[in-house]
Amino acid sequence: MMKFFITGSTGILGKRIVNILLEAGHDVHLLVRPESYSVATNLFSSPKLKIWNGDLTNPDIILNNEHISKLTSEIDVIIHMAALYDLRADRSSAYLSNVVGTQGLLYFANQCTNLKSFVYVSTIAVAGDYQGEFKESQLECGQNFENNYALTKYEAELLFSSWKLNAKKIILRPGIVIGDSKEGKVERIDGPYYFLQALAKIKDKKFLLETLKYLPMPFKRGAQIPLVPVDSVAKAIAKIALDPPDKMFARYHLLSSANATVQELLQDSFRTFDFKVEVIPLPDTKVNDLLMEKIGLPKELLGYLYSEATFSNSELIKDYPEIMIPSYYQFKNNFLSGAVNHFLKKRITAKKNIFKTDKVRKVAKAAAQLLGREMQ
Amino acid sequence: MKHIVSLSFSDDPKNSEQQFDRQINFFGETMRVSQFCTGLDIELTKNLIKKFDGNSDIICLSGLPPKVSYKGEEFVHPGVSDVKKLAKQTVVVDGQVLREIYLPWAIRQHELRNQSLFARKKVSFYSGGISKNLLEIFEEFDCKICLADPYFFLKLPFNLKSSQEFENFISIASPLLKRLPVKKGQLADFKLNEKKIKIGPFGVGRYQRNLEEFFESDIFVGDLSTLRSIDLDHLKGKTLIIDIADEQFLNELKNYGVEKVLVGLPEIHPDISCHFALLEGILAMKYDAEVPLRPSEVLNFVDELNLKPKVYNLNETPSGNRAFAFIVHPLTSAQFFRHPKLKWLRPFKKNLSSSFEDVMALGPGFYWGNIKGIKSEFNGVEVEGHIYMLAYTPKKLMESDPSSVYKKLVGLCTEAKLIGAKIVGLGAYTKIVGDAGVTVSKMSPIPVTTGNSLSAASTLWAAKLAVEKMGMVALKNGIYQGRVMVIGATGSIGAVSAKILSGLWKEVVIVAPRAHRLLELKSEILKINPKAKVLLSTDPSKYLPTCQLVITTTSAKGVKVLNMADVRPGAVICDVARPFDISEAEARQRPDVLIMASGEVELPGPTKINVDLALEGNVVYACLAETALLSMEGRFESFTLSRNINYQKVLEIDQLAKKHGVKLSQIMGHHGPLTEEEFELCRSHALKGDTPQPIH
């Protein structure tokens, strides 16, 4: 039985992984911030579980660290998932959580005398605005970043890669994590859910969109969006943590080889909400920032919509052929119906004035006029 | 364990080597050092200070713009003073005290040790504001200063030329500078715009005249944070002086073709690259000192840790670029007629010579010829020598006003620089005019050397060879089992000879008129060679009959230095003094004693000299060889100046000569080279053993 030390255990990925490990009978130590302590105790209950109060950004990551030397001598595997996942975060807070936090944990890992492996959960966002196929072995290729989350995750991955550690270093880069592949339940509103949420809000303003045949949207034709269901990613991370590869440094992309394009996703989303309109791409200009704001989406999403990167997962397939990450086409029905249930149910209870009808009307009208002219 | 948090403002977090968190053993104490790079983000720096305030022992801030003092006032960027005030509990240090005291000291020490490496060079400062302390030092070295502050901070197209101008500039510009935000891309990038633009009706030129002027310098002074953010193309083949540098940056500089880098702060710990703020933090922790450190404490630490700057020779100068010049003058007026273009005047030599002497002395001197094909045996570098002639005969040289001679010598140096020479050697009497090269070197655009170090070394080589040829003394374990005497030992050449010979001979007799100076010299010799046996005397006659080698260096000008009758048969007298100590009449008294004057040398490689130096074949003067050696080594510095020579320098040039293959070629007597027959004759006289009869 192995001893795990896990950060980010209260997140949607974390809680699944902790449960998988506990069910397999391993000892699990969690590092949680004092304010999340009660969340953690509610989520898990097992005699094999130990929860430590602490903060990764403090010089000593564990508070009241009297028993720390026993802990550091026992840990076999560290899984680092804690991160500030907020596309709108400012530079300082993103750096503090994602870079300082990772550095603090790396320092802690240096003290762990029996550490076998350190699994660091990164993200495919480290590809930034890279164009072409982004391989698992790649990291530094002169890319720029649209948001501080991606930038600080990139910096942290650089830090992790160059850190001297007497244990296997494994970097896992999941795609954009969405809800469960079977239940389709929405657990966290981010990425594609922002868009679905926006659609749900204008569901009953259908008449506006019915007059249009085409709708220009900010995206790039052919841009891929590697969505991955949370359950399959959790299983993959747990699998790799339990059975690390035979090399001291490994990087894997946790995503399927068949990913949706942004166009497919948008089109499918419109269909799900019974809009018959067809989406056509808008060029990548500054106007899009304004447009996103009008629609009610974070403009930091634009990076995904205009992404020119595709992601290879050949290393993962080579080393772990048994890990199955379902493709978009396998989970899209559950995913979309889950979103419909979630947002429409929520909408009934929500107040009506959330949605700024007149603004959307203006945008739609303008778009219709513009498009009408072009079509002629 | 003490915990030091270090925030590097100028490093980008993408430079992950600079971001670390380690337990490090410094001078016997283990500390934890966490360093974070904030990439010129002042907001992030502030937030990190707030984060670590109260839960670390000290916070070290590096890479922030320093405070600049001018005209009794201080300029501190308001953004910076805010940052330092943020921490309420933990002490924040920025290393400025350490930097301000250590760096000028280190550069000065380096300059003193390496005799005028920087002196009188053109030195460019990216920002006098950031390197203010060094600016003052370089002004002391008499350098031509060029400060790019107006361009650096405000992108104005002019440079400043002195610290006075700099102070005026700062006092005028400080209100404006205070409003500039501290952030990426704010400062100039020192990139030369390749595109030429039309300027009025007069033609084309580049826009950035100030940069062109700035780039002309030989030496550039800057700090790591500045240099990281600017274009480095202009540093190709130049020397850079930088406060700190890590391995990665040195590699980058190497790729840019930088010739030499002098890093102020040496490597403190193999695992991390240390900067001044971090070092101040470490010192404060280690010695529990109050911060900011006091100047006296800083000096103690510097002394205790033996800190000194480090020089990296990144790129050797390409061989084509290593030329030297050498200035000679005719030893007699007859020599004028050896110039190829004056050959036709030879038949009238006798009648013309005295008037020629006067007329030629009016001229500025001229290019005489060159030496080609000198090739180092060590690194294969080929150097070329240009020989200039100053048309003064020795008589004229001694009569003239030194300042007029200096002027002409400097003129020749300037001309030599134009055709690519990087160092000038002073030949024959030109090096004994006035203060022996010191003034000339101050005014010359390129370094100047008298070549006396190698002259001294080669004379000692020659003396050794002469002693061997005479075969009067046994050699055991590399030490001559006999006695050597140095007359005039307390003079500079005498002292150097005594020090060197003390390691080669069983006993050394040092002779000089003042006994107290002899005692001093004895203790100096014993410091170098503790096993040496040193005998003192104020009068040579006591030990003279027992010495196999006598070196005389007194230049007593007619006063009898030694009694020839006392000299041991078969001994070698090496007469280093000019004019000679041993007169011709004295020499004739003793045909069984070998009297030599100096050693001349041969340069390595298939050398070809297209002028007549009054020496045979490829033999050259030792002082010329010193100039050539310095070029082969790439050490373009004023190696030997003034009448005093230095023991260390003689040893150093001796090693360089061995390294590059400069060899002794001839033993020179009073009248040209000594032949094998002369040695044989002298030896046979000595071996006869009968009391020598003076030859009349």
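Student: Which residue is the bridge partner of B:Ala323 in β18(B)?
Tutor: In this predicted model, B:Ala323 has B:Glu384 of β18(B) as its bridge partner.

Student: And in what sense do β16 and β18 of chain B pair, parallel or antiparallel?
Tutor: Strand β16, residues 323-328 of chain B, and strand β18, residues 382-389 of chain B, pair in the parallel sense, and 6 bridges join them.

Student: What order do the strands of that sheet follow?
Tutor: The sheet in chain B is open and mixed in its pairing, with 6 strands in the order β20-β19-β16-β18-β17-β29.

Student: Why is one side of β20 and of β29 of chain B left without a neighbour in the sheet?
Tutor: Both β20 (448-449) and β29 (608-609) of chain B stand at the edges and have a single partner strand each, so one side of each has no neighbour in the sheet.

Student: Ok, which helices pack on the sheet?
Tutor: Helix α14 of chain B, residues 402-418, packs on the sheet and touches β16, β18, β19 and β20 of chain B, its direction making about 150° with that of β19(B). Helix α20 of chain B, residues 622-633, also packs on the sheet, where it touches β16, β17, β18, β19 and β20 of chain B, and its direction makes about 160° with that of β19(B).

Student: Switching to the interface: how many residues of chain B are in contact with chain A?
Tutor: On chain B, 16 residues are in contact with 16 residues of chain A.

Student: Which element gives the largest share on the chain B side?
Tutor: The largest share comes from α1(B), with 4 residues, while the elements that give two or more residues to this side are β3 (29-37) and α1 (42-52) of chain B.

Student: How do the residues on that side of chain B divide?
Tutor: The side of chain B that touches chain A has 3 nonpolar, 7 polar and 6 charged residues.

Technical notes: Residues are numbered from 1 along each chain as its sequence is written. Chains are lettered from A and ligands numbered from 1 in the order in which they are written. This is a predicted model: local features need pLDDT of at least 70, side-chain atom pairs count only at pLDDT 80 or more; totals for chains, interfaces and linings use all residues. Two residues are in contact if their C-beta atoms, placed from the backbone, lie within 7 Å. Ala, Val, Leu, Ile, Met, Phe, Trp, Tyr, Cys and Pro count as nonpolar, Asp, Glu, Lys and Arg as charged, and the others, Gly among them, as polar. Two strands pair if DSSP finds at least two bridges between them. Axes are lines fitted to C-alpha atoms, for helices over the stretch in contact, and angles run from 0 to 180 degrees between N-to-C directions.
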